[in-house]
Amino acid sequence: MSIHENLLGGPPPTHLPAEPGPLELLAGGASPAEVAAKYPTSSLAWAQLADDAFAAGRTVESYAYARTGYHRGLDALRRAGWKGHGPVPWEHEPNRGFLRALHALGRAAAAIDEKNEAERCAQFLRDSSPAAADTLG
C-alpha cells in the first residue's frame, strides 16, 4: 500500500503541472500584469493581481482578477483530470495559484457583500485544501 493511497475512496488529489515561466518572472521582479499578459493561463499571476488590487482598495478590480484566475485554474484542474471535486493540496506548490485566486475571489465577494459567492468560495477552498484555507485565512 502506498503512503499516498486514498483510504476513504474519494477522488485522488489533483496536482497541477509546474509553471516555471510565471514563477521565474514574478521572482525576478516582473509585474503581475506583465506576467498575466505573457502567460494568461497562469492563475498565479491573476491571483497576485487580485491581491495587489485588494491591498490598494480596488475591490472590484480584485474581484475581476480573482475570477479570471479562478476560471483559468478550473480549466487547468480539468486538464489535470479533476472531475469537479476532490483534494487540491496546498502542499503541491503549482496548486497555489488556483487556491490563492479562489481565496481572493471569496474575499472580494465578501467585500462587495455578495454573501452567497463568498460562502461558496470559502467552502470550496476548505473542501479543496484545509491547509490553504488555514494559511490564507
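This is a predicted model: local features need pLDDT of at least 70, side-chain atom pairs count only at pLDDT 80 or more; totals for chains, interfaces and linings use all residues.
## Helix α3 by length

After α3 comes G57, with a positive phi near 80 degrees.

## What α3 buries

Now look at the side of the story that concerns packing. The buried residues of α3 are S43, L44, A45, W46, A47, L49, A50 and A53. Their cover includes α1 (20-27), α2 (32-38), α4 (59-79) and α5 (96-111).

## The whole chain

Zooming out, the chain has seven helices and zero strands, and along the sequence its pattern reads α-α-α-α-α-α-α. The radius of gyration is 15 Å, close to the 14 Å that the globule rule gives for 137 residues, so the chain is as compact as a globular protein of that length. Along the principal axes, the C-alpha atoms fill a box of roughly 50 × 35 × 25 Å.

Of the 137 residues, 39% are buried. Taking contacts between residues at least 6 apart in sequence, 60% join residues at least 24 apart.

## Surface and charge

The accessible surface of the chain is about 7500 Å², and carbon and sulfur atoms account for 56% of that surface. As for charge, the chain carries 13 positive and 16 negative side chains, with the centres of the two sets 4 Å apart.

Notes
Residues are numbered from 1 along each chain as its sequence is written. Side-chain values use heavy atoms; hydrogens and water are left out. Buried means under 20% relative accessible area, exposed over 50%, partly exposed in between (1.4 Å probe, protein chains only). Helices (H or I, at least four residues) and strands (E, at least two) are DSSP runs, numbered from the N terminus. Contact means heavy atoms within 4.5 Å. The radius of gyration is taken over C-alpha atoms; the globule rule is 2.2 Å times the number of residues to the power 0.38. Accessible areas come from the Shrake-Rupley method with a 1.4 Å probe; for residues, only the protein chains shown count as cover. Lys and Arg count as positive and Asp and Glu as negative; His and the chain ends are not counted. The place of a charge is taken as NZ of Lys, CZ of Arg, CG of Asp or CD of Glu.
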